[in-house]
Amino acid sequence: MINREIIEHTIIFRDDIFPDPVQDLMDKMSMFPFVNLHFSTDGGELHTMYALVAYLNRRYEQESVRVYLDDICVSAGTFLLTDYNGPLFIQPTFRYFYFHAPDFLSYKIRKDENDERLRDILDVHNEAYYQKLSKEVGLTKSQVNRIRSGKHVHIFADELDNLSKVFVTDDFFETRTSYIPFSAPKISTKTPPLAHPKIK
């Protein structure tokens, strides 16, 4: 059951994971004591998604957010599965997760002399991501190897039971919060004293 004493606000995010839309989302969420975030994305930048996940984790620790997955969750969006600490609510409209190996942009002709070093750093990051997909999300060894080889993996809504990751719905989740609901101040019916009493 949901504690209806909470003043709730619902925010819908259906954008790519880039600094401007994500910053706008965090700014908007910060205006409210409790947010139901309905989230869907085609993916985007790794560092921007990590900033969002860190923010959502702080909100979850404060019992001030509930994250719903709508429609699709692609690429960097799947970091919610591996790095967000709170429960993820699956909406009836959810369609699929789309996993692939994180990558970085580089030039094909005008090579950057640092590309090889950046690739080494990315490989270390990606290996940690693959381990989380296996241990925390429940992708099979063949699925993880497919992602590691540069291919992609879809997990559709009717396949979620195959994962070890547990998803929840409102019917099975009770929100507890220390948020104190607003109460209006008492209004006195007494006549206030005059600022300047009359002189007799």
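1. The buried residues of helix α2 pack against α1 (19-29), β2, β3 and α3 (79-83), where contact means heavy atoms within 4.5 Å. Helices (H or I, at least four residues) and strands (E, at least two) are DSSP runs, numbered from the N terminus. This is a predicted model, in which local features need pLDDT of at least 70, side-chain atom pairs count only at pLDDT 80 or more, and totals for chains, interfaces and linings use all residues. Residues are numbered from 1 along each chain as its sequence is written, and side-chain values use heavy atoms, with hydrogens and water left out.

2. In α2, the buried residues are T48, M49, L52, V53, Y55, L56, N57 and R59; buried means under 20% relative accessible area, with a 1.4 Å probe and protein chains only.

3. The 16 residues of α2 reach 23 Å from first to last C-alpha, close to the expected 22 Å, the expected span being 1.5 Å times one less than the number of residues. E63, which follows α2, has a positive phi near 55°.

4. A right-handed β-α-β unit is made by β2, α2 (residues 46-61) and β3. Right-handed means that, with the strands pointing away from the viewer, the path from the first strand over the helix to the second runs clockwise.

5. Strand β3 (residues 65-74) has ten of its ten residues buried. Pairing requires at least two DSSP bridges between two strands. β3 pairs in the parallel sense with β2 (residues 35-41) over six bridges, and N36 stands opposite R66 of β3.

6. β3 also pairs in the parallel sense with β4 (residues 88-90) over three bridges, Y68 standing opposite F89. With β5 (residues 96-99), β3 has three bridges in the parallel sense; V74 has Y98 as its bridge partner.

Key:
Buried < 20%, exposed > 50% of the residue type's maximum accessible area, 1.4 Å probe, protein only.
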